Amino acid sequence: MTTAPSPMLPVQGALFTVLRGDSALSALIKGVHDYTPEDVPYPFVVVGEATEIPDNRHAGFGRQTVVTLHVWSRYRGFAEVLRIGTRITALLDHRPLTIPGMDWIATRFEFSQTLTDPEPPGDIRHLVLRYRIVTEQH
């Protein structure tokens, strides 16, 4: 058995599949991106930063990939980003993911935080969500 390849890219792809494939989430947002386009309409979700640590077992190689998602809105107040975050967590927390080349073990919600963009005019709301995805090499 060789060292497992990084699951970061396949995990990102699995997240896009789930988030873009859900009609209830699509009704709440204008898109899911891996960057923030200049002219993107609000509200939208960005699959953002990720970290990866080994999670090896006696019989094989595993990884824990921690992914940060960002919800952006111009709604006055946090209600819109919180509704979107609730839907995302319902789709991901303790829900199986199909990750090419990996066996999915677990997806766990870790935290969320609401923020207001301080740049003038200060009308952008931001929700940060983080999920831990545990995988094992086939």
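Mentor: Let's begin with a term: strands are DSSP runs of at least two residues (E), and they are numbered from the N terminus. Keep in mind, too, that this is a predicted model.

Trainee: Thanks! Then where is the place of His-126?

Mentor: His-126 sits in strand E5.

Trainee: And how do I read its accessibility: is His-126 buried or exposed?

Mentor: The idea is a cut-off: a residue is called buried when its relative accessible area is under 20%. His-126 has a relative accessible area of 9%, so it is buried.

Trainee: Which residues does His-126 touch?

Mentor: Leaving aside residues up to four places away in sequence, His-126 touches His-70, Val-71, Trp-72, Phe-78, Gln-113, Thr-114 and Leu-115. With one of these, His-70, there is a polar contact between the two side chains, at 2.8 Å.

Trainee: Now for salt bridges. Why can side chains pair?

Mentor: In general, side chains of opposite charge can pair when their charged atoms come close. In this structure, the count comes to 5 salt bridges.

Trainee: Which side chain does Arg-87 meet in a salt bridge?

Mentor: Arg-87 meets Asp-22, with 2.7 Å from N to O. Arg-87 belongs to helix H3 (residues 79-92), while Asp-22 is in the loop between helix H1 (8-20) and helix H2 (23-28), so this pair ties together parts that are 65 residues apart in sequence. As for accessibility, Arg-87 is partly exposed at 26%, whereas Asp-22 is buried at 11%.

Trainee: What about Arg-63: which side chain does that one meet in a salt bridge?

Mentor: The side chain of Arg-63 meets that of Glu-52, at 3.0 Å from N to O. Arg-63 is in strand E3 (residues 62-73) and Glu-52 in strand E2 (residues 44-54), so the two tie together parts 11 residues apart in sequence. Try the cut-off again: Arg-63, at 13% relative accessibility, counts as buried, but Glu-52, at 26%, is partly exposed.

Trainee: Let's return to strand E5. Which strand holds the Glu-110 that pairs with Arg-132?

Mentor: First the pair itself: Arg-132 and Glu-110 form a salt bridge with 2.4 Å from N to O. Arg-132 lies in strand E5 (residues 125-137) and Glu-110 in strand E4 (residues 102-116), so parts 22 residues apart in sequence are tied together. Glu-110 is partly exposed, with a relative accessible area of 29%.

Trainee: Which residues do salt bridges that share partners join into one network?

Mentor: That network consists of Glu-110, Arg-130 and Arg-132. Look for these three in the structure above!

Definitions and conventions. Residues numbered from 1 in each chain as written. Predicted model: local features only at pLDDT ≥ 70, side-chain atom pairs only at ≥ 80, totals over all residues. Heavy atoms only, no water. Salt bridge = Lys/Arg side-chain N within 4 Å of Asp/Glu carboxyl O. Helix = DSSP H or I, 4+ residues; strand = E, 2+ residues; numbered from the N terminus. Buried < 20%, exposed > 50% of the residue type's maximum accessible area, 1.4 Å probe, protein only. Polar contact = N/O pair within 3.5 Å; in protein donor to acceptor, adjacent residues only side chain to side chain. Contact = heavy atoms within 4.5 Å.
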